[in-house]
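Let's work through a few exercises together. Keep the sequence and the 3D view open, and try each task before reading its solution.

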Amino acid sequence: MNYSIALIPGDGIGPEVIKPATEVLDAVGGAWGHVFNYVELEAGGCAIDSTGEPLPQKTLEAARQCDALLLGAVGGPQWENLPGHLRPERALLGLRAGLGVFANLRPAKLLPQLRSACPLKDDVLVSSNCEGKPEFDLLIVRELTGGLYFGERGRSADGKAAFDTERYSWDEIERVLRTGYEAAAIRRKKLCVVDKANVLESSRFWREVAAVVSKEYPDIETSFLYVDNAAMQLVRAPGQFDVIATSNLFGDILSDEASVLTGSIGMLPSASLGGERDPAAKNGCPVGMYEPIHGSAPDIAGKNIANPLGTILSAAMMLRYSFGLEKEARAVEDAVSAALDAGLRTLDIAGRGRVAANETIVGAKEMGEAVIKLLEK
Ligand code: NAD
């Protein structure tokens, strides 16, 4: 089968992590008989430099024609002083809204090979793991096209005050909760709604919607936590969580916190789902946007030291969720695990900043090549 993938390498380390990911996809294509056609597009800082806007209309239109979108990262200090609507990160909001992807799935799993890169003590990890192992495996389902990031914002006439608005409709909350419940149904059947219902009216509304939607998922245990407590519980007992469903802002913050517990932000993939497929499109795949959760990491860009595994695992999520290629997705995930088993580490996941005797430090390029070598059909 042929699949078209909109490719946005973006800025900073974006191109360095996208290249190994496409090479892994091509190796998967070669082994299983699929063809991935890439449509390379500009968004973010590089698009500002060449067109004056972070998300040129032709990028969005071309992305809409593809079966899925794979993005590296956008942004960097050279664009930081531009007005808000012209900043590179605007491209992300425009793509999410333009593709209608409303649910962002962010898995955070501590792989046993990276135990030494996790800052938590063994007893902290063990205490909340039902099998008594120093591990956790959770999924944050973050609402992506509403809330504070899309609400009305502005400054007062005298320039002495500023505001942003958190606004959610019933439908926006319901659809993201359903995504969370469906994910929980094939995991450990627990869903925790994270909010700030002791203070925010919009959070109380989330709870009202959850009370209704949860009735349709009686075999899934629903719980609620205030976001400040959830931030604390993540470092106190991460093993207690299965699926966390939350708003755009809280999901953004909690998933960065969870990423540190997995060893490095460079490890974590994400899938943004929910877009309606253009009926004229040939494969009938659901539109999905896939990206590592990290940013453009200007501090390490151009040095071939970035960790490409978050992007490679994002490509695996694309195989699973957009193309329905479960076997191929698992093969990529297993190859990543095998590369870690072999002791290969990018600098960020070397044990606690010190290189252990059984670890070999490699660059983004070499890590990608190792994953390809270890890919088994
Ligand atoms: P960042 O995620 O880029 O970097 C945070 C830290 O993590 C840095 O020390 C960086 O070196 C490290 N890091 C990140 N990814 C890594 C990887 N793959 N391998 C190894 N180390 C990695 O966050 P930031 O510094 O806050 O933001 C930098 C720029 O990226 C800003 O312009 C920001 O707006 C943008 N940003 C973009 C996205 C996106 O494109 N989705 C997300 C977050 C931030």
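**Exercise 1: The ligand's surroundings**

The ligand has 20 residues around it, the closest being Val74, Glu89, Gly295, Ala297 and Asn307; a residue is near a molecule if one of its heavy atoms lies within 4 Å of it. This is a predicted model, in which local features need pLDDT of at least 70 and side-chain atom pairs count only at pLDDT 80 or more, while totals for chains, interfaces and linings use all residues. Residues are numbered from 1 along each chain as its sequence is written, and side-chain values use heavy atoms, with hydrogens and water left out.

*Solution:* 
- Step 1. The shell holds nine nonpolar, seven polar and four charged residues. Here Ala, Val, Leu, Ile, Met, Phe, Trp, Tyr, Cys and Pro count as nonpolar, Asp, Glu, Lys and Arg as charged, and the others, Gly among them, as polar.
- Step 2. Look at Gly295: a backbone N or O atom of this residue is 2.7 Å from an oxygen atom of the ligand.
- Step 3. For Ser296, a polar backbone atom lies 3.0 Å from a ligand oxygen, and for Gly76 the distance from a polar backbone atom to a ligand oxygen is 3.1 Å.
- Step 4. Taken alone, the ligand exposes 800 Å², and the protein buries 70% of that (areas by the Shrake-Rupley method with a 1.4 Å probe; for residues, only the protein chains shown count as cover).

**Exercise 2: One residue in its setting**

*Task:* Where is Asn248 found, is Asn248 buried or exposed, and which residues does Asn248 touch?

*Solution:* 
- Step 1. Asn248 belongs to helix α9, residues 248–261 (helices are DSSP runs of H or I with at least four residues, strands runs of E with at least two, numbered from the N terminus).
- Step 2. Its relative accessibility is 0%, so Asn248 counts as buried (buried means under 20% relative accessible area, exposed over 50%, partly exposed in between, with a 1.4 Å probe and protein chains only).
- Step 3. Leaving out residues up to four places away in sequence, Asn248 touches Arg142, Glu143, Leu144, Thr145, Gly146, Tyr149, Phe150 and Tyr168; contact means heavy atoms within 4.5 Å.

Definitions and conventions. A polar contact is a pair of N or O atoms within 3.5 Å; within protein, one must be able to donate a hydrogen and the other to accept it, and residues adjacent in sequence count only if both atoms are side-chain atoms.
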